[in-house]
Amino acid sequence: MSVSSILLGGGPRFARDAFGPVLAFYLVWKLWAIVPGIVAATLVSVVAYHYERRRDRTGAVARLSLGFVLVQALIGVVSNSATVYLAQPVLLSGALGLAFLVSAAIGRPLAGVFAQEFYVFPEEVRTSKTFRHIFGTVSFAWGAYQLSRSIIRFVALTAGSVEAFLVVNVVTGIPFTLALMTWSVWYSVRGFRRSEEWGWAFDDEPSPTS
């Protein structure tokens with residue numbers, strides 16, 4: 001298990017599920033209209049979900065993205081407003097940030113669920129003290145980031161144009177997500193390797209999912 005192999009195995013899928021739908025919406029919306037844009041974003045999420053399921057992966061990020069995109073699509077079509085459509089993931093980001101923080105506080109870190117997208121942890125590892133401690137810390141970091149980003153994007157969407165919002169969305173998304181994901185994987189790998197509980201086992205664990 002290495003940081004680079006885990007990032008290469010799961011990073012592209014995470015980026016696809018996190019940024020694919022909104023980019024598809026914007027491109028098709030600008031070329032045609034809002035409803036075709038909503039349809040394009042929905043199709044991206046549907047295809048991503050089925051792709052993950054055909055490969056017997058959990059598809060946690062794709063499943064979350066798909067579920068929300070379906071609700072987002074319905075509200076977007078009814079409202080026929082790009083602002084309303086784009087405001088929904090901003091609110092979701094804030095709610096997700098709170099969920100990360102609460103999950104860490106109660107000892108059931110949400111980051112541990114998403115970690116299964118990158119590496120297959122045995123049941124005994126997932127229920128261990130080391131697992132809860134490592135991914136509790138990671139959950140706090142992601143929760144703080146999601147809440148901060150939600151506030152910044154909400155201000156950009158309500159005070160500026162859709163184009164300005166998309167710029168803010170990318171600037172606060174891709175570089176920060178990449179940095180935080182890299183740190184999360186590095187911190188997790190180091191934590192398991194240094195732990196007395198599981199350090200002995202992680203040099204010969206199975207390869208990460210791909």
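The model is predicted.

**Stop 1: helix α9**

Select residues 174-194. This is helix α9, with 21 residues.

Now colour the buried positions within α9. Thr177, Leu180, Met181 and Ser184 are among them. Further along, Val185, Tyr187, Ser188 and Val189 are buried too.

**Stop 2: the nonpolar patch**

Switch to a surface view. Select Val71, Leu74, Ile75, Val78 and Val84. Together they form a nonpolar patch on the surface, with about 450 Å² of accessible area. Helix α3, residues 60-79, supplies the largest share of the patch: 4 residues.

Then pick out Val84. It sits in helix α4, residues 82-105. Its relative accessible area is 34%, so Val84 counts as partly exposed.

**Stop 3: the salt bridge**

How many salt bridges does the count come to? The count comes to 1. Select Glu123 and Arg126 and show their side chains. These two form a salt bridge, and their closest N and O atoms are 2.4 Å apart.

Both residues lie in helix α6, residues 123-126. They are 3 residues apart, about one turn of the helix. An α-helix has 3.6 residues a turn, so residues three or four places apart point the same way.

Finish with accessibility. Glu123 is partly exposed, at 45% relative accessibility. Arg126 is partly exposed as well, with a relative accessible area of 31%.

Terms used: Residues numbered from 1 in each chain as written. Predicted model: local features only at pLDDT ≥ 70, side-chain atom pairs only at ≥ 80, totals over all residues. Heavy atoms only, no water. Helix = DSSP H or I, 4+ residues; strand = E, 2+ residues; numbered from the N terminus. Expected span 1.5 Å × (residues − 1). Buried < 20%, exposed > 50% of the residue type's maximum accessible area, 1.4 Å probe, protein only. Patch = residues over 30% accessible without salt bridge, like charges linked within 9 Å, V, L, I, M, F, W, Y side chains within 5 Å. Areas by Shrake-Rupley, 256 points an atom, 1.4 Å probe, with all protein chains shown as cover. Salt bridge = Lys/Arg side-chain N within 4 Å of Asp/Glu carboxyl O.
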